[in-house]
Amino acid sequence: MTNVISAHLDRLEDELGEANSFTQAIFLAAAGLANSRDTCAIQAVAEQLQSRLEKARCIIDDFRNQPLSGAVIDLKSLEKAVKAEIARRSALKKVGGTA
């Protein structure tokens, strides 16, 4: 794996880690809500988001462990897609939808 690809994967993992931290903050903040039903709903969404972030990290680990066979992956596009998905899920949480 080239150093450039490895550096991009490191950046992507950093972004996923940051998103995970925000997810944990949302989960903890939900505990302070007066309505237990709202708390449960927000915490359930946060748990789902955390699960998907972990799946994304596993995909990165799998990618790191596989030799490139001439395949070209546009990591900028992948990074943008992950960020867009995180933003989409965040917006859904704000309006009470599900991811």
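User: Before we start, what do buried, exposed and partly exposed mean here?

Analyst: Buried means under 20% relative accessible area, exposed means over 50%, and partly exposed is in between. Keep in mind that this is a predicted model.

User: Okay, so why is R11 called partly exposed?

Analyst: R11 has a relative accessibility of 37%. That value falls between the 20% and 50% cut-offs, so R11 counts as partly exposed.

User: Where does R11 sit, and what is R11 in contact with, leaving aside its neighbours within four places in sequence?

Analyst: R11 is part of helix α1. With those neighbours left out, R11 touches K76 and E79. In sequence, R11 and E79 are 68 residues apart, yet their C-alpha atoms are 8.8 Å apart in space.

User: What makes α1 roughly parallel to α3?

Analyst: Two packed helices are described by the angle and the distance between their axes. Helix α1 (residues 3–30) packs against helix α3 (residues 75–95) at about 5°, and the axes are 10 Å apart. Roughly parallel needs an angle under 35 degrees, so α1 and α3 get that label. On the α1 side, the residues making the contact include I5, L9, R11 and L12; on the α3 side, L75, K76, E79 and V82 are among them.

User: Which classes of residue make up that contact of α1 with α3?

Analyst: There are ten nonpolar residues, one polar and six charged.

User: How do you know that the length of α1 agrees with what a helix should span?

Analyst: Helix α1 has 28 residues, and at 1.5 Å a residue α1 should span 40 Å. The C-alpha atoms at its ends are 40 Å apart, so the two values agree.

User: Which residues make up the largest nonpolar core?

Analyst: That core has twelve residues, among them I5, L9, L12, L49, F63, L75 and V82. Helices α1, α2 and α3 each give two or more residues to this core. In soluble globular proteins, nonpolar side chains tend to be buried together.

Technical notes. Residues numbered from 1 in each chain as written. Predicted model: local features only at pLDDT ≥ 70, side-chain atom pairs only at ≥ 80, totals over all residues. Heavy atoms only, no water. Axes fitted to C-alpha atoms, helices over the stretch in contact; angles between N-to-C directions. Parallel < 35°, antiparallel > 145°, perpendicular 65-115°, else oblique. Contact = heavy atoms within 4.5 Å. Nonpolar A, V, L, I, M, F, W, Y, C, P; charged D, E, K, R; others polar. Expected span 1.5 Å × (residues − 1). Core = buried A, V, L, I, M, F, W, Y, C linked by side-chain atoms within 4.5 Å. Buried < 20%, exposed > 50% of the residue type's maximum accessible area, 1.4 Å probe, protein only.
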